[in-house]
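Hello,

Here is the structure you were waiting for. My notes follow below it.

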Amino acid sequence: MSSQIFITGGSLIDGTGADARAATDVLVEPDRIVAVGKAAAGLADADAAVIDASGKTVMPGLIDSHVHCTFDDVASNDELFFHRDPTLAAFATAKNLQKMLLAGVTSIMDPDTLFEMGPSIRDAVNAGLIAGPRISTGVQALVTSVGGTAGKLIPDEGIVGYARVVNTRDEMITWTRRHIKTGADWIKIHATGSIPTSPGELPVWSEDEMRTVCNTAHELGVPVAAHCRNTESIVWAARAGVDLILHASFMDDAGLEAVLANGSAICPTFTFLANLADFGERVGASPGMESVFRGEIEATGKMMRKAYDAGVPMLCGSESGFALTPYGHWHGREMEVFVDALGLTPLEAISCATKNNALAMRAEGDLGTVEEGRFADLLVIDGDPLADIRILNDRSRMHAVISRGVQIDLEQPWPEWSPLKGAKVSAWAAKSLTHDIAYNEPI
Ligand SMILES: [Zn+2]
């Protein structure tokens with residue numbers, strides 16, 4: 001029996017940035033794309049599975065360059081750091097990976113994972129033990145003793161949640177090497193963090209400390225990603241040799257110059273902020289902060305446009321894994337923000353989430369475009385994302401998802417389960433029961 005899939009008559013967005021091509025056939029086999037265009041019909045087996053894509057759009061599977069696949073839609077650091085169990089977290093991750101596949105995400109990059117489990121999860125998917133997108137993964141985020149954004153929840157040494165504390169240059173070298181020994185595709189540095197006496201995030205790694213990690217990782221052929229939500233941290237990270245800058249918030253011209261000189265890529269990850277700004281109120285998050293988040297997107301968006309025009313590889317990531325960015329719901333949202341805040345065309349935004357994102361998968365030339373010889377990860381979409389980019393967030397528009405040349409069963413039930421024992425933090429009350437509330441306020 002043929003293992004080919006013959007996708008006929010669809011409008012093809014191939015991810016390279018080329019205009020859509022009407023009625024273009026695509027022939028795939030596990031694991032590669034065999035032919036695109038006129039040649040496909042001649043090479044198709046008589047009993048190949050056929051997907052009629054007429055009136056629909058064929059495009060590369062989505063790649064999400066910033067996902068936290070082990071966080072299970074977490075609502076607080078407290079929950080993530082102190083209320084999770086490694087075995088249950090692994091089972092939940094397996095189900096959450098399935099959600100992403102059902103949403104058309106065929107590859108993810110995850111920079112830091114709970115219980116250092118990233119490489120094991122990736123290996124389980126590669127072995128076919130669990131279903132999921134292709135995974136490029138870090139182990140944990142390296143943080144200095146200042147911590148990251150979790151304040152004093154980060155201990156003075158050791159690990160908690162997604163973080164590994166490194167206090168000395170020797171520890172930076174040691175843990176970079178140990179993460180690589182564990183199977184890291186990426187090393188992650190938490191370059192900025194917050195302290196109680198200053199607003200926003202400050203650099204909590206020196207340029208030289210970051211260079212130590214970059215040199216150690218690069219000597220072993222492993223790239224480095226850094227969380228940078230502060231202006232000068234971007235300059236320092238780029239000069240230190242960081243390959244992928246996450247967020248790049250408040251980047252200035254000096255930052256852009258350093259990024260260009262070093263050849264760093266940027267994954268701004270606006271989705272979390274955009275969801276807070278547009279829908280935070282609906283889920284009781286950060287009331288009154290909407291305009292602050294909107295302002296950060298606008299300010300950073302302008303610089304990201306400048307960086308895009310200057311040739312900086314711009315990647316799309318959703319930061320899925322938090323209550324504000326649950327798996328399977330928002331993987332297309334970053335493209336929408338790229339269109340709205342950076343002024344990219346939908347076609348350009350799609351190339352960011354496909355061809356450009358192959359960089360995060362360390363699979364440039366293999367992934368992210370629909371061309372002969374590439375990995376067979378494709379979507380057939382009901383509708384035209386060039387007319388409305390938002391349909392890529394809408395699971396009901398997924399007509400077919402092909403991962404590694406095999407069609408995913410989209411009729412399978414959406415994974416759901418009862419609350420895991422002890423995994424969610426519950427409050428005794430939403431506010432304090434004062435005498436006034438008890439006796440003087442109307443209910
Ligand atoms: Zn993140």
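**Helix packing: α5 and α6**

Helix α5 (residues 169-182) packs against helix α6 (residues 207-219) at an angle of about 30°. Their axes are 9 Å apart. Keep in mind that this is a predicted model. The crossing of α5 past α6 is right-handed.

Which residues of α5 meet α6? On the α5 side they are Arg169, Met172, Ile173, Thr176, Arg177 and Ile180. On the α6 side they are Glu209, Thr212, Val213, Thr216 and Ala217. By type, the residues of this contact divide into 5 nonpolar, 3 polar and 3 charged.

**Trp186**

Trp186 sits in the loop between α5 and β12 (187-190). Is Trp186 buried or exposed? Trp186 is buried, because 24 other C-beta atoms lie within 10 Å, and 20 or more is the cut-off for that label. Leaving out residues up to four places away in sequence, Trp186 touches Pro111, Ser136, Thr137, Gly138, Val222, Pro223 and Ala225. Ala387 is 201 residues away from Trp186 along the chain. The C-alpha atoms of these two residues, Trp186 and Ala387, are separated by 35 Å.

**Domains**

The domain assignment gives domain 1 (1-60 + 370-411) and domain 2 (62-331). Taken over C-alpha atoms, the centres of domain 1 and domain 2 are separated by 31 Å. How many residues of each domain are in contact with the other? The count is 10 residues of domain 1 and 10 residues of domain 2. On the side of domain 1 that touches domain 2, strand β19 (residues 398-403) supplies the largest share, 3 residues. That side of domain 1 divides into 6 nonpolar, 2 polar and 2 charged residues.

**Nonpolar core**

The largest nonpolar core has 132 residues. Val26, Met210, Ala226, Ala237, Ile245 and Ile266 have the most contacts inside this core. Which domains does the core draw on? At least three of its residues come from each of domain 1 (1-60 + 370-411) and domain 2 (62-331).

Apart from neighbours within four places in sequence, Val26 is in contact with Ile7, Leu12, Ile33, Val36, Ala40, Val58, Val370 and Leu378.

Best wishes

Notes:
Residues are numbered from 1 along each chain as its sequence is written. This is a predicted model: local features need pLDDT of at least 70, side-chain atom pairs count only at pLDDT 80 or more; totals for chains, interfaces and linings use all residues. A nonpolar core is a set of buried Ala, Val, Leu, Ile, Met, Phe, Trp, Tyr and Cys residues joined through C-beta atoms within 7 Å. A residue is buried if 20 or more other C-beta atoms lie within 10 Å of its own, exposed if 12 or fewer, and partly exposed in between; C-beta atoms are placed from the backbone. Domain bounds come from an automatic or database domain assignment. Two residues are in contact if their C-beta atoms, placed from the backbone, lie within 7 Å. Axes are lines fitted to C-alpha atoms, for helices over the stretch in contact, and angles run from 0 to 180 degrees between N-to-C directions. Helices (H or I, at least four residues) and strands (E, at least two) are DSSP runs, numbered from the N terminus. A crossing is left-handed if the near helix is turned anticlockwise from the far one by less than a right angle, and right-handed if clockwise. Ala, Val, Leu, Ile, Met, Phe, Trp, Tyr, Cys and Pro count as nonpolar, Asp, Glu, Lys and Arg as charged, and the others, Gly among them, as polar.
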